[in-house]
Amino acid sequence: MKKTKLYNLSLATRAIHGKHLHAFKGPVATPIYQTSTYRFKNSNDAVRYAKGDSSVLVYTRYHNPTTNEVEDRIALMENGEACALFASGMAAISTAVLSLCKSGDEIVSTPALYGGTYRFYRDTLHGYNIHVKYINPNALDDLLHLITSKTKVVYFETPTNPTLRLVDIEQLVKITRQMEKKYRTSITIIIDNTFATCLNQKPFEYGVDVIMESATKYLGGHADIMAGVLIGTKQFIEKAKGLSKHLGATPDPFMSFLLDRSLKTFELRVRRQNENAYVLARALKRHPKISRVLYPGLPSHPQHKLAKKQMSAYGGMVTIEVKGGVKAAVKVCDNLNVAINAMSLGGVETLVSIPVYSSHINMTNAELAQHGVTPGMIRISVGVEGIDDLIADFRQALGKIHLK
Ligand SMILES: Cc1ncc(COP(=O)(O)O)c(C=O)c1O
């Protein structure tokens, strides 16, 4: 991908200033273009747009200056050529996949995915005759059997939701490229980087083609917007935006403004979330009511070595498994005073959720086993509160579990 020298600046600087580092005039805060349409100078503007002049503003489902500013900034932050912003993470995922696959094509993925992505694959793509094959994320050699000449997309998430397993990105890219050569096809490798974020993990450095993130989470960071992003080559992003025009997955300008504002504190927030999550995971590790603490930053994590290789820090997500199953998990979640019992993740507030009651609700026992999800699991999205308050809160709530 072609990059400018702005990519040499630190992540925090890119997130705050975007392309405006040397601008001499103009507002410091990005203005909100809260408009659905744009005034033409004269009718020739419509003709120029139709002939491909992208400088002519026409309609907000096609483009919007507030949104474009955020897209440029996120492309810089993620070290990518271009970015497209969508109305949600699922809008970004569905647009990416549908822009790359047609009837008869195949996707190789894993069941260890965000439940919404898995359901989209299982319940929707099936009807479009797009077939998804699943492998265990820790058995990447299976790609050698499952990728065929029909494979158009290889789609993985790392760390996975909610089990915090890792996928070896380098290995994934290596095997996929090998199979691409064998079949002389073109396969797009997509990584959902929502849990790690661009602060902790840089999939492009391993040769991944497209990064997807639910910006509802860490990029937004305040539990007040829905958004999703795709980052990739200019060519891919133009294709995805072309489809998005038809699907109407366009972001609202006010959301783009809120996201723009959030990006300025992204690095500060996520750094603190990394620190808090590590300390909380360590503090809960030896708790007598907890059977497992899953956190890639702990040496006890089965893939800690891989985490050290492909992540620079380990993120703000911690999953614990309490003794006593789902009843005990409910007891803890209903007795927390600082952490909030709510779905979603990545915000400044600590949130907890029980996967079998949220992302993995209504899945069969076989599916839960395939996803590695157990009834006593609690997923914690660690926020930026004082860490001593969080530790005390979890200890008092865990104290409410009475094991027989
Ligand atoms: C890892 C991951 N990817 C994608 C999504 C979907 O994003 P959104 O809810 O913004 O549509 C989520 C939502 O929780 C997620 O956790």
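Buried means under 20% relative accessible area, exposed over 50%, and partly exposed in between, as found with a 1.4 Å probe on protein chains only. The structure is a predicted model, in which local features need pLDDT of at least 70 and side-chain atom pairs count only at pLDDT 80 or more, while totals for chains, interfaces and linings use all residues. Residues are numbered from 1 along each chain as its sequence is written, and side-chain values use heavy atoms, with hydrogens and water left out. The points below cover salt bridges, a sheet and cavities.

**Salt bridges**

- With a salt bridge taken as a side-chain nitrogen of Lys or Arg within 4 Å of a carboxyl oxygen of Asp or Glu, the model has 17 salt bridges.
- Lys 102 and Asp 105 form a salt bridge with an N to O distance of 3.7 Å; Lys 102 is exposed, at a relative accessible area of 55%, whereas Asp 105 is buried, at 5%.
- Glu 71 and Lys 241 form another salt bridge, at 2.8 Å from N to O, and this pair links distant parts of the chain, with Glu 71 in helix H3 (residues 65-77) and Lys 241 in helix H9 (residues 234-247), 170 residues apart. Helices (H or I, at least four residues) and strands (E, at least two) are DSSP runs, numbered from the N terminus.
- Within that pair, Glu 71 is buried, with a relative accessible area of 6%, while Lys 241 is partly exposed, at 29%.
- Arg 122 and Glu 367 also meet in a salt bridge, at 2.8 Å from N to O, and they too link distant parts of the chain, since Arg 122 belongs to helix H5 (residues 115-124) and Glu 367 to helix H14 (residues 365-371), 245 residues apart.
- Arg 122 is partly exposed, at 31% relative accessible area, and Glu 367 is buried, at 11%.

**Sheet**

- Five strands, in the order E8-E9-E12-E11-E10, make up an open sheet of 5 strands with mixed pairing, where two strands pair if DSSP finds at least two bridges between them.
- Strand E8 (290-294) and strand E10 (340-341) are the edge strands, each pairing on one side only.
- Strand E8 runs antiparallel to strand E9 (residues 317-322), and 4 bridges join them; Ile 290 has Val 322 in E9 as its bridge partner.

**Cavities**

- A cavity is a set of points, on a 1 Å grid over the protein atoms alone, where a 1.4 Å probe fits but cannot get out, and lining residues have an atom within 4 Å of a point; grid points are joined across faces, edges and corners, and a volume is the space filled by probe spheres set on the points.
- The whole structure contains 3 cavities of 30 Å³ or more, and the largest cavity holds about 150 Å³ of space.
- The largest cavity is lined by 15 residues, of which Arg 61, Tyr 62, Leu 85, Thr 250 and Pro 251 are the closest to its centre, and H3, strand E1 (82-86) and H9 are the elements that give two or more residues to this lining.
- By class, the lining of the largest cavity has 5 nonpolar, 7 polar and 3 charged residues, where Ala, Val, Leu, Ile, Met, Phe, Trp, Tyr, Cys and Pro count as nonpolar, Asp, Glu, Lys and Arg as charged, and the others, Gly among them, as polar.
- The second largest cavity holds about 50 Å³ of space, and its lining residues include Thr 216, His 222, Ser 344 and Glu 349.

Key:
On a 1 Å grid over the protein atoms alone, a cavity is a set of points where a 1.4 Å probe fits but cannot get out, and a pocket is an open set with protein on both sides within 12 Å along at least five of seven lines; lining residues have an atom within 4 Å of a point.
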